[in-house]
Amino acid sequence: MSASFRFWTTLLMLVGAIVPIAVAATMIGDRPALALAMFLTGAAVLVMARFAFRWMLEASD
């Protein structure tokens with residue numbers, strides 16, 4: 001995989017994780033259950049991004 005592909009894919013995953021976490025932070029007082037669900041979604045995307053980045057660094061056969 002090219003470095004450009006890895007960069008843009010990683011950036012997209014990080015944005016996909018940061019947006020729900022930021023939204024959850026703004027709504028924690030009004031809707032705590034929904035905020036928790038959004039935070040957990042963002043955290044799950046961060047974990048997936050970590051494993052995807054490790055997978056992208058492996059040499060392809």
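## Basis of the model

The structure is a predicted model, in which local features need pLDDT of at least 70 and side-chain atom pairs count only at pLDDT 80 or more, while totals for chains, interfaces and linings use all residues. Residues are numbered from 1 along each chain as its sequence is written, and side-chain values use heavy atoms, with hydrogens and water left out.

## Overall form

The secondary structure of the protein chain consists of two helices and zero strands. Here helices (H or I, at least four residues) and strands (E, at least two) are DSSP runs, numbered from the N terminus. Taken along the principal axes, the C-alpha atoms fill a box of roughly 50 × 15 × 10 Å. The radius of gyration of the chain is 14 Å, whereas a compact globule of 61 residues would have one near 10 Å. This radius is taken over C-alpha atoms, and the globule rule is 2.2 Å times the number of residues to the power 0.38.

Of the contacts in the chain with a separation of 6 or more, 58% are between residues 24 or more positions apart. A contact means heavy atoms within 4.5 Å. Buried residues make up 20% of the 61 residues. The term buried means under 20% relative accessible area, exposed means over 50%, and partly exposed lies in between (1.4 Å probe, protein chains only).

## Helix α1

Helix α1 covers residues 3-27. This helix has 25 residues and reaches 37 Å from its first C-alpha to its last, close to the 36 Å expected at 1.5 Å a residue. The expected span of a helix is 1.5 Å times one less than its number of residues. Thr9, Thr10, Ala17, Pro20, Ala24 and Met27 are the buried residues of α1, and they pack against α2.

Val23 is located in helix α1. With a relative accessible area of 33%, Val23 is partly exposed.

## Helix α2

Helix α2 spans residues 32-57, has 26 residues and reaches 38 Å from its first C-alpha to its last, close to the 38 Å expected at 1.5 Å a residue. Its buried residues are Ala35, Gly42, Val45, Ala49, Ala52 and Met56. What covers these buried residues includes α1.

Leu36 is found in α2 and is partly exposed, with a relative accessible area of 48%. Leu36 and Ile21 are 15 residues apart in sequence, and their C-alpha atoms are 9.1 Å apart in space. Ala43 also lies in α2 and, at 26% relative accessibility, counts as partly exposed. Ala52 and Ile18 are 34 residues apart in sequence and 16 Å apart in space, C-alpha to C-alpha.

## Surface

The protein chain exposes about 4600 Å², of which carbon and sulfur atoms supply 74%. Accessible areas come from the Shrake-Rupley method with a 1.4 Å probe, and for residues only the protein chains shown count as cover.

Phe7, Trp8, Leu11, Val15, Val19 and Val23 make a nonpolar surface patch of about 550 Å². Patches are made of residues with over 30% relative accessible area and no salt bridge; like charges are joined within 9 Å, and nonpolar side chains (Val, Leu, Ile, Met, Phe, Trp, Tyr) within 5 Å. A salt bridge is a side-chain nitrogen of Lys or Arg within 4 Å of a carboxyl oxygen of Asp or Glu.
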